[in-house]
Amino acid sequence: MDFPVEVPYALRCPESIVRIDAASFQGSGRAQNGTANLAHIVTTMGKLSASAQKLPTVITTADKLKIMPHRLYMLREWNASQPRVPGVRVLGFIKVGEKKLFLYDERGKMHEVTATCVLDFYVHESCQRHGHGRALFDAMTKREGIASPVQLAIDRPSHKFTSFLEKHFGLRNPLQQSNNFVVFKGFFDQQPAGPRTATAPPPSATVRGSHMVVPDTGRGAPYPNHQQRSSIGFTVGSAMMSY
């Protein structure tokens, strides 16, 4: 989608896939105007993602990204030789973050895990089936230090997303969870600290919507935030997306 606005500072980098998080919205003076444009772009793309997936609420907005420890990887095109010339084209995005979840393995045993989750994934309808979804996914896993897609928990994946995972990574027969997350065989073996077994949610756990929320006790640290840059030249995202 084309945005006829001054390119936000957060999007002015050589790589075409850009990581956006809460820090990306900080700035003052002229930079503050850039963060307003960035917020407009992120929220607009989030609304398009929700509409494409026919979701009742918008999952990705700038306001949410400002207060949550999530990371959004955006694929965009712009004229780098003239950074002050208005105009940036956003092709898609993928958003990830850590969540503490109660998940069942293929034997029906419950595990309490802190997992990196794919929370939203969307490629604009005008540029699907050009490899942008794969470019986004690869850039995200490289930056997040994810060795295999099996390590990820996915929030409410669409049929297109599960087909994407099967086509590119051979992942089949997802393990559907009662909280609407999906994992694949091998997920529990891939967790950094090893799976944690639980017979029932702790008394302090609460349920918000379809998600089990457990107070953070400091157990099960999230994945490290690797700083290496992806060499892939794209920017996009959303987990129940259209490819």
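**Close-up views of a predicted model**

**View A. Strands β4 and β5 form an antiparallel pair.** Strand β5 (residues 110–123) pairs with β4 in the antiparallel sense over 13 bridges; two strands pair if DSSP finds at least two bridges between them. Strands (E, at least two residues) and helices (H or I, at least four) are DSSP runs, numbered from the N terminus. Lysine 95 has aspartate 120 in β5 as its bridge partner. Five residues lie between the strands of this hairpin, where glycine 108 takes a positive phi near 85°. The model is predicted: local features need pLDDT of at least 70, side-chain atom pairs count only at pLDDT 80 or more, and totals for chains, interfaces and linings use all residues. Residues are numbered from 1 along each chain as its sequence is written, and side-chain values use heavy atoms, with hydrogens and water left out.

**View B. Strand β4 (residues 88–104) is mostly covered.** Of its 17 residues, 13 are buried (under 20% relative accessible area, 1.4 Å probe, protein chains only). Eight bridges link β4 to the antiparallel strand β3 (residues 71–78), and two bridges link β4 to the antiparallel strand β1 (residues 2–3). Arginine 89 of β4 stands opposite glutamate 77 and opposite aspartate 2.

**View C. Helices α3 (residues 132–144) and α4 (residues 159–169) pack together.** Their axes (lines fitted to C-alpha atoms over the stretch in contact) are 12 Å apart, at an angle of about 75°. Helix α3 is therefore roughly perpendicular to α4 (65 to 115 degrees, on a range from 0 to 180 between N-to-C directions). The contact (heavy atoms within 4.5 Å) includes Phe137 of α3 and Phe161 of α4.

Conventions. Parallel < 35°, antiparallel > 145°, perpendicular 65-115°, else oblique. Buried < 20%, exposed > 50% of the residue type's maximum accessible area, 1.4 Å probe, protein only.
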